[in-house]
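Dear colleague,

Please find the structure below, handed over for your review. The findings follow directly after it.

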Amino acid sequence: MRAGAGGGVAPLDGAALRRLAASARAPVWLRLRLPALVAAGMVPLLVPSAHVYDLARVAATYAVLAVGYCIVLGLCGQFSVAHAALYGVGAYTTANLTTQHGASSATALLAAVGFGLLAGALIGLPALRVRGDQLAVITLGIGQVVQLLFLNWTSVTGGFTGISDIPAPSLFGITLTSYRDNYLLAFAALVIVVVAVELLRRSPLGLAFMAVRDDELAARSAGVRTGVCKVSAFALSGAVAGIAGWLYAGAIISISPPTFDVVLSVLVAVMVLLGGQGRVYGAVVGAAIIATLENALTEYPAGEIALKGAAIIAIVMWRAGALRDGLMRLRRA
Amino acid sequence: MHPHLRFAATAAALPAMTLAACGSSTSSSSGGGGSSRTFTLAVVGPMTGDAQADGLHIKQGADLAAEEINNSGGVASGPYAGAKIVIKTFDDTESVDKSVSIANQIASDDQYWAFLGTGFSDAAIATAPVLDRANVSYLSTYASSAKIIATPRHSVFVVPPTFPAYAYSAADRAYKLGYRKAAVLKANAGFGLQMADLFAEEFVRDGGEIVDNQPYTLGDKNTQGIVAHEVQQGPDVVAMAGLTGDDTTQLKQLHDIAPNLPVIDTEAVLFSQNFLDLAGPLAEVAIGQTPSDPDRNTSAAKHLRDAFSAKYGTSIIPDPAAFTYEGVRAVAKALEAGPTDRTKLADALHNVDISDTGVGELKFDTGGGRLGGILWYFHIKGGKFVFDTGYQQTAPLSVKEVPLQH
């Protein structure tokens, strides 16, 4: 039974019953997408090769980074080109604390998340005043400044050479040294981050993010504190980038400034756009595609440069709307 | 297609795509025994970019050694007698993170038995722990910072003499030539800073004075101001701690304001036809060092010189080529001991002792440093290298002058 248009109680028709039944079930992402992701994540275990595990680890780490970026671009609609810097903050925090201060992996993880959150909030501050391409240019500048900091704050970051001998991640007394372990750790982190972002997306804060993305003026008129939303999106995105940086530093053993350049930020944006702006699982797919392409092009630096160039062109086209139109035309065809 | 089905299909297809991408690597690992077996070595260096000459030289040395070994029947003895050496080249674009990324790929791919190269020490310092942790033998065949082996690592070897040998011998040589006031021009990178510090330390210990010590950004061509500042301090020699391209640029800038001021190279980057071509007559003020004296009179040295000349058309064997040649020879020698897999190769490398590779004797101390490496000093006259003396590394922090072996 349900309330009718006239205020009375109307009988349920078939379509309404189906809608009601659907709403009573677990949401689609929980029923279909998450199990599909977990199933896909188990595939590398069927081919016990260090090389496969390492590639899958890179893909999972990129996916964590991209899903984090989904918060700021996909959910909140803020175009930032400083995400690689946040990734770097997580990685350098981990590297510095574990190699120079003897911190445990768990402590380093907490610190990476904390510093990522803080750095994200700081990078998000300009979003209070500017938007769109202007915000992109400002975050581009901030990203460059952070990279220069990595390069020149030698006592903390190791400067040009970076930091080497970063210990393998260790959690609950278990040190994860093998390629398989590092992959499983990255994949577990990815699943946790995906669930967290899906929950965020359905939370009041997530809905407010999307309101800001869709129509900032309307959102403000409806009482949404848009400034708080934007900075929160950057901060949460930074925290997730901190986790990705922690995963990266523990697995790669040596880190140095060039990794965290603006090109990586552009690649992360492409990962998100490849999967469809705002689609968390799409970002995972986008990350896997980019990681696989990067790996395949290792022996062909010209191809790698071409990939990065194509990513930059794709972003420019996306900003101009040309990419969206082209994709829509392709879909229609 | 329904969006949910589309995602599920993509999720299923992606791992398959990933595995396909890996397939080409995993399926080509060495197999079999005896003469049909191959051992693949990853040779890594800057094959593109500002330092591509170094990368080319690394590749030249590796290719020459592999060709010689394979043409003479492969691995000489032991269970792998007759097995061939395969060289696979990677371009690290002179970037630390790219070197590390390649090292991780090599470490995770058992088709590669060893990793040789990288262009400069920052990359080598970052790469060494990655390979050591995976028990993959790493032979640094150009980079030679003592920091590469400062932490004892069983699988890491430095084929050239280490930084102190270069910097101390340069300081000793400059002092012996009568120079008392040195200005130092150093690349703002780990190798440049370390080398400059070591040079200054030894030069002052010898009794000289460092009148200026200026950093510049690696690869920056606009160093006129820095160069002018150095000249204003009144040095009688300028010590350079950078790469060939930078040194050449600064040589030209020095020539504009102090035409006859001598320069001494601390990085052994000047011994190449490339430098002579780039610097032209300006090279005449340069004093440099190299491990391969072209007039060294031993049968192995003559053989190497002839082979290099036949293959590449010059008897000037640049340092990266000489050391990478030695590195491949060392791996082939180690394989004669029959290591059962690549993680055992390092044990065999520690026991390698080649009396003369053509460059000199090659054996490593327990820490992976080269024992007894010699650097030959030259000046340039009429567009030719003229050799004067040698300095041998007798301990990690000591060198002694030795006579030429002509």
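Predicted model: local features only at pLDDT ≥ 70, side-chain atom pairs only at ≥ 80, totals over all residues.

Ser108(B) is found in the loop that runs between α3 (96-107) and β3 of chain B; helices (H or I, at least four residues) and strands (E, at least two) are DSSP runs numbered from the N terminus. With a relative accessibility of 1%, Ser108(B) counts as buried, where buried means under 20% relative accessible area, exposed over 50% and partly exposed in between (1.4 Å probe, protein chains only). Leaving aside residues up to four places away in sequence, Ser108(B) touches Ala50(A), His51(A), Asp54(A), Tyr179(A) and Arg342(B); a contact means heavy atoms within 4.5 Å.

Residues are numbered from 1 along each chain as its sequence is written, chains are lettered from A and ligands numbered from 1 in the order in which they are written, and side-chain values use heavy atoms, with hydrogens and water left out.

Chain B contains 12 helices and 15 strands. Its radius of gyration, taken over C-alpha atoms, is 22 Å, close to the 22 Å that the globule rule gives for 406 residues, so chain B is as compact as a globular protein of that length; the rule is 2.2 Å times the number of residues to the power 0.38. The C-alpha trace of chain B spans about 75 × 60 × 40 Å along its principal axes. Of the 406 residues of chain B, 61% count as buried. Among contacts in chain B with a separation of 6 or more, 67% are between residues 24 or more positions apart. The accessible surface of chain B is about 14,000 Å², 52% of which belongs to carbon and sulfur atoms; areas come from the Shrake-Rupley method with a 1.4 Å probe, and for residues only the protein chains shown count as cover.

Chain A has 15 helices and 4 strands. Buried residues make up 53% of its 333 residues. In chain A, 74% of the contacts with a separation of 6 or more come from residues 24 or more positions apart. Chain A exposes about 14,300 Å², and carbon and sulfur atoms supply 68% of that area.

Over all chains, the structure holds 23 aromatic pairs. Rings of Phe, Tyr and Trp (its six-membered ring) pair if their centres lie within 6.5 Å; planes under 30 degrees apart count as stacked, over 60 as edge-to-face and the rest as tilted. Tyr53(A) and Tyr183(A) form a stacked pair, 6.3 Å centre to centre with 20° between the planes. Tyr53(A) lies in helix α3 (residues 50-75) of chain A and Tyr183(A) in helix α8 (residues 179-202) of chain A, so the pair ties together parts that are 130 residues apart in sequence. Tyr53(A) counts as buried at 7% relative accessibility, as does Tyr183(A) at 2%.

The rings of Phe90(B) and Tyr112(B) have centres 5.7 Å apart and planes at 70°, so this pair is edge-to-face. Phe90(B) belongs to strand β2 (residues 84-91) and Tyr112(B) to strand β3 (residues 112-117) of chain B, so that the pair links distant parts of the chain, 22 residues apart. Both Phe90(B) and Tyr112(B) are buried.
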